[in-house]
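This report walks through one model, part by part. Please keep the sequence and the 3D view at hand.

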Amino acid sequence: MPIVSITIMPQSVEKKAEMSKVITNEINRITGIPKDAIVIAIHELPAENFATNGEMLFEKFKRSNTK
């Protein structure tokens with residue numbers, strides 16, 4: 001039974017459902033493992049807990065939302 005762990009910033013229920021469906025379908029397609037044996041765990045963390053290239057993402061988002 002594969003367990004896929006995804007850590008992301010908060011997303012809507014609809015987006016999480018779509019991600020789960022697409023990932024489950026792809027694992028099934030590639031491995032042949034039955035879809036009901038594939039577990040997706042989504043861990044949401046606030047933007048304040050993410051950084052890329054040494055810059056906090058919430059700062060980057062604030063800049064892009066003011067443009």
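Which residue in E2 is the bridge partner of Thr-7? The bridge partner of Thr-7 in E2 is His-43.

## Ground rules

This is a predicted model, in which local features need pLDDT of at least 70, side-chain atom pairs count only at pLDDT 80 or more, and totals for chains, interfaces and linings use all residues. Residues are numbered from 1 along each chain as its sequence is written, and side-chain values use heavy atoms, with hydrogens and water left out.

Helices (H or I, at least four residues) and strands (E, at least two) are DSSP runs, numbered from the N terminus.

## Strands E1 and E2

E1 and E2 run parallel. Six bridges join them. Two strands count as paired if DSSP finds at least two bridges between them.

Strand E1 spans residues 3-8. Its covered face holds Val-4, Ile-6 and Ile-8. Its uncovered face holds Ile-3, Ser-5 and Thr-7. In a regular strand the side chains alternate between the two faces of the sheet.

E1, H1 and E2 together make a right-handed β-α-β unit. Right-handed has a set meaning here: with the strands pointing away from the viewer, the path from the first strand over the helix to the second runs clockwise.

## Helix H1

H1 has 19 residues. From its first C-alpha to its last, H1 reaches 27 Å. That is close to the 27 Å expected at 1.5 Å a residue. The expected span is 1.5 Å times one less than the number of residues. Gly-32 follows H1, and its phi is positive, near 80 degrees.

Which residues of H1 are buried? They are Lys-16, Thr-24 and Ile-27. These residues cover an arc of only 65 degrees around the axis, so they sit on the same side of H1. The arc is that of the directions from the helix axis to the C-beta atoms. Buried means under 20% relative accessible area, exposed means over 50%, and partly exposed lies in between (1.4 Å probe, protein chains only). E1 and E2 are among what covers the buried residues of H1. On the other side of H1, the exposed residues are Glu-14, Glu-18, Lys-21, Arg-29 and Ile-30.

## Thr-24 up close

Thr-24 lies in helix H1. Its relative accessible area is 13%, so it counts as buried. What does Thr-24 touch, not counting residues up to four places away in sequence? It touches Lys-35, Ile-38 and Ile-40. Contact means heavy atoms within 4.5 Å.

## Salt bridges

How many salt bridges are there? The count comes to two. A salt bridge is a side-chain nitrogen of Lys or Arg within 4 Å of a carboxyl oxygen of Asp or Glu.

Glu-44 has 34% relative accessibility, so it is partly exposed.

Arg-29 forms a salt bridge with Glu-26. Their closest N and O atoms are 2.7 Å apart. Arg-29 and Glu-26 are three residues apart in helix H1, so about one helical turn separates them. Arg-29 is exposed, with a relative accessible area of 57%. Glu-26 is partly exposed, at 33% relative accessibility.

## Farther along the chain

Asn-53 lies in the loop between strand E3 (51-52) and strand E4 (55-56). It has a positive phi of about 55 degrees, although it is not a glycine. Asn-53 is exposed, at 83% relative accessibility.

Lys-62 lies in helix H2 (residues 57-65). Its relative accessibility is 47%, so it counts as partly exposed. Lys-62 and Ile-42 are 20 residues apart in sequence. In space they are 25 Å apart, C-alpha to C-alpha. Glu-26 and Ala-51 are 25 residues apart in sequence and 28 Å apart in space, again C-alpha to C-alpha.
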